[in-house]
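I opened this entry to record what I looked up, step by step, for a reader new to the structure.

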Amino acid sequence: MISLTLKFLLLTFGFYLLIRLAKRALRRWLQGLLGGEPQKTSLGAELLPCSHCGAFVDPKLGLHKKGKFYCSQDCAQQGPAVP
Ligand SMILES: [Zn+2]
C-alpha cells in the first residue's frame, strides 16, 4: 500500500512539474511571437524639469539653452526662474 501512495505522489509531482514547464515554454513562445522584449514607451522615458516653470517634460520635446533645460521656446526666452 505504501508503494501505491508513493507512486501517486510521484505522479502528482511529475504532473505539476510538467505543467510548470509547459507554462514557461508557452510564455517564451508568446514573447517570441510578440517581438521579444517589450518596447519602451514615451511614458517610461525620464522627464526633465523646465528651468523656468518647473514643468516636467520629455527631454526630446524640450530644448536646451545655455546649459539649462526648458519645456518650450517661451520659457527659454524668459530664462531661468528667479528663486
Ligand atoms: Zn517651462
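My notes begin with the model itself and then go from the overall layout to single residues.

I noted that this is a predicted model, in which local features need pLDDT of at least 70 and side-chain atom pairs count only at pLDDT 80 or more, while totals for chains, interfaces and linings use all residues. Residues are numbered from 1 along each chain as its sequence is written.

I looked up the elements and found 2 helices and 4 strands, in the order α-β-β-β-β-α from the N terminus on; helices (H or I, at least four residues) and strands (E, at least two) are DSSP runs, numbered from the N terminus.

Next I checked helix α1, residues 2–33: its 32 residues should span 46 Å at 1.5 Å a residue, and the 47 Å between its end C-alpha atoms agrees with that. The expected span is 1.5 Å times one less than the number of residues. I then counted buried residues in α1 and got 0, where buried means 20 or more other C-beta atoms within 10 Å of a residue's own, exposed means 12 or fewer, and C-beta atoms are placed from the backbone. Of the 83 residues of the chain, 10% count as buried.

I looked for the largest nonpolar core and found C50, Y70, C71, C75 and A76; such a core is a set of buried Ala, Val, Leu, Ile, Met, Phe, Trp, Tyr and Cys residues joined through C-beta atoms within 7 Å.

Last, I read K66, which lies in the loop between β3 (63–65) and β4 (68–70) and has a positive phi near 50 degrees. K66 is exposed, with 9 other C-beta atoms within 10 Å.
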